[in-house]
Amino acid sequence: MYRVFEALDELVTIVEEARGVPMTSGCVVPRGDVLELLDDVRDAIPQELDDAQDVLDHRDEVVTKAQTEADKSVAEARSEAERTIAESRAEAEQLLTEAREQADHLLSDARGQAEQAVTAGRREYEDYISRAQSESDRMVQAGRAAYEQSVHEGKTEQARLVTDTEVAQAASAEAKRIAEEAHEEAERLRSECDAYVDSRLADFEDLLSRTLRTVGKGRQQLRSPMGAPFDYEEWQPSAGAN
């Protein structure tokens with residue numbers, strides 16, 4: 001490029017120092033020197049300028065080709081995006097279906113366990129009631145037998161000691177005391193049985209409440225946006241409920 005500028009400067013100098021043609025604005029320049037400088041300029045022009053000129057000459061073709069390739073790339077990208085969206089939508093629907101099936105399965109299991117717990121609780125409650133009733137009846141019968149025996153012994157003793165009023169009164173009081181103790185013992189056993197059955201029913205009620213909360217959370221999780229994992233630990237029965 002330095003030679004190009006140098007040759008151009010020499011051409012300018014030749015034109016400026018050339019002898020002018022009278023009555024005109026023209027001048028006379030040495031043809032050989034000028035052609036030699038022009039050859040130097042042509043030889044000194046970088047190849048990149050020729051390449052740039054070729055690009056300019058084929059500009060429309062290059063632009064058209066680039067536009068075609070760009071349109072093709074856009075079409076391919078759009079097709080790929082649509083395919084990806086379709087696959088993602090299908091996968092999301094499949095995941096949602098699986099989540100719903102799993103939730104239904106968990107709900108079914110929870111209901112089954114709740115029904116089993118209620119059935120077991122009812123059987124255990126009925127068993128405790130039956131045993132408490134049997135024990136109460138046994139204690140009442142024992143009290144009555146003791147009372148009747150005491151009365152019989154008192155009457156016998158009274159008959160034997162008709163004149164001993166204090167002995168007869170003591171026997172009657174003892175018989176009455178034994179009967180009252182038997183009745184109180186039966187009432188105590190019944191109260192303890194009722195308290196135990198009530199505590200067991202409270203445990204079953206707590207288990208059912210936590211099961212229903214777990215089912216509600218599972219349904220809420222299905223209706224919420226995907227991403228948050230479901231907590232399966234909370235619905236597990238506690239050691240006390242077992």
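Trainee: By about how many helical turns are R177 and E181 separated in helix α5?

Mentor: R177 and E181 are separated by about one helical turn, because they stand four residues apart in helix α5. Please keep in mind that this is a predicted model.

Trainee: What do R177 and E181 form, and how far apart are the closest N and O atoms?

Mentor: They form a salt bridge, and the closest N and O atoms lie 2.4 Å apart. In general, side chains of opposite charge can pair when their charged atoms come close.

Trainee: What is the relative accessible area of R177, and what is that of E181?

Mentor: R177 has a relative accessible area of 35% and is therefore partly exposed. E181, with 41%, is partly exposed as well.

Trainee: Which residue does E185 meet in a salt bridge?

Mentor: The side chain of E185 meets that of R188, with an N to O distance of 2.3 Å. Both residues belong to helix α5 and are three residues apart, about one turn of the helix. E185 is partly exposed at 25% relative accessible area, and R188 is partly exposed at 37%.

Trainee: How many salt bridges does the structure hold?

Mentor: The structure holds ten salt bridges.

Trainee: Let us change topic. What is the secondary structure of the chain, and in what order do the elements run?

Mentor: The chain has five helices and two strands. From the N terminus, the order is α-β-β-α-α-α-α. Helix α4 covers residues 59-160, and helix α5 covers residues 165-223.

Trainee: What share of the residues counts as buried?

Mentor: Of the 242 residues of the chain, 16% count as buried. The accessible surface comes to about 18700 Å², and carbon and sulfur atoms account for 53% of that surface.

Trainee: Is T211 buried or exposed?

Mentor: T211 has a relative accessible area of 11%, so it is buried. This residue is found in helix α5. A polar atom of the T211 side chain lies 2.7 Å from the backbone oxygen of L207.

Trainee: And E148, is that residue buried or exposed?

Mentor: E148 is exposed, because its relative accessible area is 54%. Its place is in helix α4. The C-alpha atom of E148 is separated by 8.0 Å from that of A175, although the two residues are 27 residues apart along the chain.

Trainee: What part of the contacts with a separation of 6 or more comes from residues 24 or more positions apart?

Mentor: Such residues account for 68% of those contacts in the chain.

Trainee: One last topic, the surface. Which residues make the nonpolar patch?

Mentor: Y125, I129 and L201 make a nonpolar surface patch of about 230 Å².

Trainee: Where does I129 lie, and how does it count at 30% relative accessibility?

Mentor: I129 lies in helix α4. At 30% relative accessibility, I129 counts as partly exposed.

Terms used. Residues numbered from 1 in each chain as written. Predicted model: local features only at pLDDT ≥ 70, side-chain atom pairs only at ≥ 80, totals over all residues. Heavy atoms only, no water. Patch = residues over 30% accessible without salt bridge, like charges linked within 9 Å, V, L, I, M, F, W, Y side chains within 5 Å. Areas by Shrake-Rupley, 256 points an atom, 1.4 Å probe, with all protein chains shown as cover. Salt bridge = Lys/Arg side-chain N within 4 Å of Asp/Glu carboxyl O. Buried < 20%, exposed > 50% of the residue type's maximum accessible area, 1.4 Å probe, protein only. Contact = heavy atoms within 4.5 Å. Polar contact = N/O pair within 3.5 Å; in protein donor to acceptor, adjacent residues only side chain to side chain.
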